[in-house]
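Me: I am new to this structure and would like to go through it step by step. Could we look at it together?

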Amino acid sequence: MKTKAEERTITKDGQLLLKKMEQDQVETVWDRLEAQSPQCGYCEMGLSCRVCAMGPCRIDPFGEGPQRGVCGADADIIVARNLGRMIAAGAAAHSDHGRDLVEVLAEVAAGKAPEYSITDEEKLRRIAREYGVETEGREVLEIAGELAAAMQEEFGTRKGFLTMANRAPAKRREIWQKVGIAPRGVDRETSEMMHRTHMGVDNGWQSLLLHGLRNALSDGWGGSMIATEVSDILFGTPAPTPNMVNIGVLKEDEVNIVVHGHNPVVSEMIMRACESAEMVELARKKGAKGINLTGLCCTGNELLMRHGIPMAGNHLMTELVIGTGAVEMMIVDYQCIMPSLGALAPCYHTRMISTSDKARFPGMEHREFHPDNAAELARTLVREAIENFDQRGETYIPVEAVPSVGGFSVEAIIGALGGTPQPLIDAITAGKIRGAVGVVGCNNPKIKHDYGHVTLTKRLIENDCLVVDTGCAAIANAKAGFKVAEAIKYAGPGLQEVCGALGIPPVLHMGSCVDNVRILVLAAALANALQVDISDLPLAGAAPEWYSEKAVSIGSYFVASGVYTVLGPMPPITGSMNVVNLLTSGLNDVIGASFAVEADPEKAAVLIRRHIEAKRKALGLSALDI
Amino acid sequence: MKQVQVHPERCLGCMQCMLACATAHSRTKSLFTAVGESPLPKPRLHVGAGSHDEGFPNRCRHCDPAPCLLACLPGAIFRDPDTGTVLVDPDLCINCASCAMACPFGVLRYHQDWVAPAAKIVAQKCDNCLERQHEGLIPACVEVCKTGALTFEESDEALRRKTREVARSVSMGMEEQPLIPTGVQLLRQAKKQRFEMRCR
């Protein structure tokens, strides 16, 4: 018989802290899910529509009640509209994050953000050339300004195409053109989706879904890709770096500051303030041994990838980390920050700080970061965190941290392979590595915490599939110990041999959730090297514990880019079997890839391996019967 | 006589019946104004969650004999002779909870109500929306249930209909007419799987 905590998470730190939170009588995300049960079936099936004020409407899936909304939309249209708006929201979130980074780049170029700088000049020049910006003999800041302007153009409608979409293989771009889903502008596709789903516009469920793919592509090959590339330019392109993970990274005798959210613009400045000698000295004066900066979720991943900053946990750990009583300050930016956090923190001594002009939270102090004040504000906040150290009560840090290695940008992976993707292609051709799988996405309390990620990843690597991961999935796999060189012991013989020779783990941490585009770039590089399409390669994607609209956009751009993608939780589409059938099989004939939904990671592993072997067979490589 | 029939396999757990019930028992009879009333009106039926997060509309069965009625010490619970509805007289109720202890279905609640003496906490339960029925309306929970999980009909008719549905679902040689549509089945399988995985 499992205890409640064991039913909720597979992680030791999670289980122990859940027990403590229960004793402390502090509510968590799992309690709120239970309180919401049963959840509305109309909404779960995508059959409720509240787009206009003739409604809200719902369609009876049993056929007895209404079969059309007031406007006349049937189940197919309503499900497709709802899914389209989820994609639009996800694409908007990622792309707005990208825009924020481009704005910092522009301000750096204009000399208005003195504490930020161009860290990777080589990458700046490379991307600038991609955008047709003249780089020969020009000043760095001049190039940066012109690149920022060129990227800002991508958000509008003037250009009509996205520069970085040209990284996709020619065959893929031809498919996009043929089907009419080549992305034309980052904001344009999101805006058009909101237009199409307004009452009385696009009522073709197929055309709505196809535009959904285009909208997702504007995120994957647009907004998110800009976010990743500009982050690398400003803060450095990640290279393999060791780090520590799980709640054990908090320190009893140091000032613990946790950054949570997604955008490195804030967390990088906090990190620099924490490292300053003045602050460390102040912490010592206050009786602490030092300042311990740790991360949560994707802003944590950004710091982990570039600097090896320790990682306290993923999405479902964000409340529990405060329950340790050891966090002096949590500084958040945006996305995936549960509004419960502000109410929970006063149960302990943790100070909660929100920093973004577009993200406010009840019970948090709002201290707004802008490029011109960021460094000074970061120092002020770190000072206040240090001053909060003596308010600390009892602490509970029940586990030891686990080592992991992060920082596998595409540049780093190609570097580890000796400068060309050829050794990876050779290993796949020889069958030592059967294929590669991106295990990505969030946590969702509906799936036992980390069970989906860790089980799927384990099954894949033991069957010689290389796993690359990002976001909360990447943190789950790091906590499970899959990200050290010795983890090859979990891998099958072929993968073990290849990773062993290269000295890399069998699971490669590729970054935050916007960094899923690194996986696209890698897939495109492999396809281009072989002169095939991405959909011809033995690749797959999986989001075993997804919850967010961003994940819907990510899944959709994976599929639209030719990558078979298996979702864990069921998206709200079962109200229309037409939509279900198109997404899970019909899309194969349109764009050469489709979705599957399988909550059980054991079964998802079989689906993925079967797909990989089928792709191998089609390429004329050795193939197994799964 | 028409009664509220419950068909739990059709419940989607949307809880619209609860909102409609509370509104029907409010002073102002409109959701928008009911939420501002004091005491706040509350529903008489409750949607519970099954072991796989499936909805179940739990409603008074108006049992006969009714354990709550038999257990009621001050004689506040009585049966309406015309409709068989089991009702509570708020003036006589002493808030002793004997009815709740006797009720096998857990449908009783105790709170203030605008028709009860001011500030008095009394037993509350489904009244079959008799007030609405007198106005020619059907019970509020049935009116808003679009899937047919709650119907207002003769029980014989409901059972005959069910027999026909079951017969069609197993008839040979014809295109199958599953009792539960494919999309609903897909969702329920996914939810069941989720709960089974927790015990691993």
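Me: How many helices and strands does chain B have?
Reply: In this predicted model, chain B has 8 helices and 8 strands.

Me: And what box do its C-alpha atoms fill?
Reply: Taken along the principal axes, the box filled by the C-alpha atoms of chain B is roughly 60 × 40 × 35 Å.

Me: What share of chain B is buried?
Reply: Of the 200 residues in chain B, 32% are buried.

Me: What about contacts between residues at least 6 apart in the sequence of chain B: what share join residues at least 24 apart?
Reply: That share is 58% in chain B.

Me: Switching to chain A, which domains is it divided into?
Reply: Chain A has domain 1 at 75-235, domain 2 at 247-391 and domain 3 at 409-618.

Me: How many residues are in contact between domain 2 and domain 3 of chain A?
Reply: On the domain 2 side, 12 residues are in contact with 15 residues of domain 3 of chain A. The C-alpha centres of these two domains of chain A lie 31 Å apart.

Me: Which elements give two or more residues to the domain 2 side?
Reply: They are helix H13 (297-307) and strand S6 (311-313) of chain A. H13(A) gives the most to that side, with 5 residues.

Me: And which classes of residue are found on that side?
Reply: The side of domain 2 of chain A that touches domain 3 has 6 nonpolar, 5 polar and 1 charged residues.

Definitions and conventions
Residues numbered from 1 in each chain as written. Chains lettered and ligands numbered in written order. Predicted model: local features only at pLDDT ≥ 70, side-chain atom pairs only at ≥ 80, totals over all residues. Helix = DSSP H or I, 4+ residues; strand = E, 2+ residues; numbered from the N terminus. Buried ≥ 20, exposed ≤ 12 C-beta atoms within 10 Å, placed from the backbone. Contact = placed C-beta atoms within 7 Å. Domains from an automatic or database assignment. Nonpolar A, V, L, I, M, F, W, Y, C, P; charged D, E, K, R; others polar.
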